[in-house]
Amino acid sequence: MEDGKRNIAILGSTGSIGTQALEVISRHPDRFGAYALVANNRVELLIEQARTYLPEVVVIANESKYEQLRDALSDLPIKVWCGSKAVEQVVQDEQIDMVLTAMVGFSGLQPTINAIKAGKTIALANKETLVVAGELITLLALKHRTPILPVDSEHSAIFQCLNGEGDNKVEKILLTASGGPFRTLSKEQLRHVTRKEALAHPNWSMGEKVTVDSSTLINKGLEMIEAKWLFGVEPSQIEVLVHPQSIIHSMVQFEDRSVIAQLGDPDMRMPIQYAFSYPVRLRSDVRPLNFLELSQLTFEAPDTDRFPGLLFAYEAIAAGGNMPCILNAANEVAVELFLQEKIGYMQMSHLIEKTMQKVSFVQSPSLSDYLQSDAEARVIAREQIIEFTN
């Protein structure tokens with residue numbers, strides 16, 4: 001890090017987290033630089049970002065978009081790469097201080113592993129990495145003494161609540177959930193939920209997959225698994241609370257029964273900036289909370305009968321092994337099929353449940369086992385469409 005400026009590689013620069021991360025970099029150009037920008041498909045936006053932030057290197061995972069990207073940036077001294085191998089390699093550049101892993105889903109696993117092995121600080125916005133291979137990733141981070149700083153608003157909140165608490169014993173983590181747009185709907189009403197309705201989150205602006213995951217509560221299940229690995233607690237110590245206002249981002253209860261909470265406007269730039277600047281807090285242009293405008297903060301228990309995704313996550317982490325990996329792959333396929341309007345809203349949970357029952361279980365998986373389990377789960381998940389249509 002030269003002159004205190006942190007060079008950041010953004011994996012998923014054209015997504016919701018990536019674009020907000022670039023806003024944070026714009027706010028503090030003396031402290032952060034966008035050294036590498038990586039996207040999957042959105043080449044036009046990647047070109048625009050490259051011309052604005054002038055990174056050293058840009059990578060497009062979709063190789064068919066390479067020529068368009070290269071030609072559009074030919075007048076600039078920017079390296080242009082393509083393909084999944086390039087994504088995995090760019091994170092190892094010795095000039096990079098921090099890697100923001102904001103790619104969606106399983107695709108973030110291998111680049112994160114490479115970044116950890118290269119000793120880069122990880123700003124983790126790809127929860128699936130810890131869901132799929134939590135034990136492997138945490139052991140690897142310990143071995144390479146690589147910090148993993150959470151970017152998810154809930155995990156950032158927990159991290160902030162634990163900051164300075166040393167060895168004080170955590171009794172319980174209270175993980176808050178907005179409940180999504182359908183928390184008051186009956187099962188019958190949920191059967192008729194459309195793609196458009198599922199993508200209209202009441203509080204947060206997020207990518208399509210995370211928005212759907214939030215509405216089904218499986219997002220909270222994935223976050224529970226992530227919290228287990230990030231903070232070294234048991235799933236039984238993690239309680240999910242539905243908090244519709246999304247003002248309290250999460251809480252920690254210590255053994256003396258004191259509860260510390262982190263509050264803020266629902267704006268992802270806040271946890272992104274905290275991960276980038278940790279342990280320093282920098283000035284932000286996020287809207288400050290006005291407590292006089294907060295008429296009430298309410299809490300309720302999640303309904304796992306209408307939203308069984310959370311239950312599946314607890315079952316997956318209880319089983320251990322490759323079961324969380326199977327859960328994640330099945331959910332990625334389910335959300336993809338729902339967004340393509342090939343299955344209904346309630347059929348997503350049936351698809352996940354069936355896939356978890358059918359994929360080969362491995363108690364002590366290696367990285368190759370995770371890769372194989374992910375592939376097998378996706379095939380079996382897609383086969384469930386036949387059952388739905390028969």
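Analyst: Helices (H or I, at least four residues) and strands (E, at least two) are DSSP runs, numbered from the N terminus. By that naming, L54 sits in the loop between α2 (43–53) and β3 (57–60). This is a predicted model, in which local features need pLDDT of at least 70, side-chain atom pairs count only at pLDDT 80 or more, and totals for chains, interfaces and linings use all residues. Residues are numbered from 1 along each chain as its sequence is written, and side-chain values use heavy atoms, with hydrogens and water left out.

User: Why is L54 called exposed?

Analyst: Buried means under 20% relative accessible area, exposed over 50%, and partly exposed in between (1.4 Å probe, protein chains only). L54 has a relative accessible area of 52%, so it is exposed.

User: Is S246 buried or exposed?

Analyst: Its relative accessible area is 6%, so S246 is buried. S246 is found in the loop between β9 and β10 (248–254).

User: How do you know that the buried residues of α13 line one face of the helix?

Analyst: The buried residues of α13 (residues 309–319) are G309, L310, F312, A313, A316 and I317. Seen down the axis, they fall within an arc of 155 degrees (taken from the directions from the helix axis to the C-beta atoms), so they line one face.
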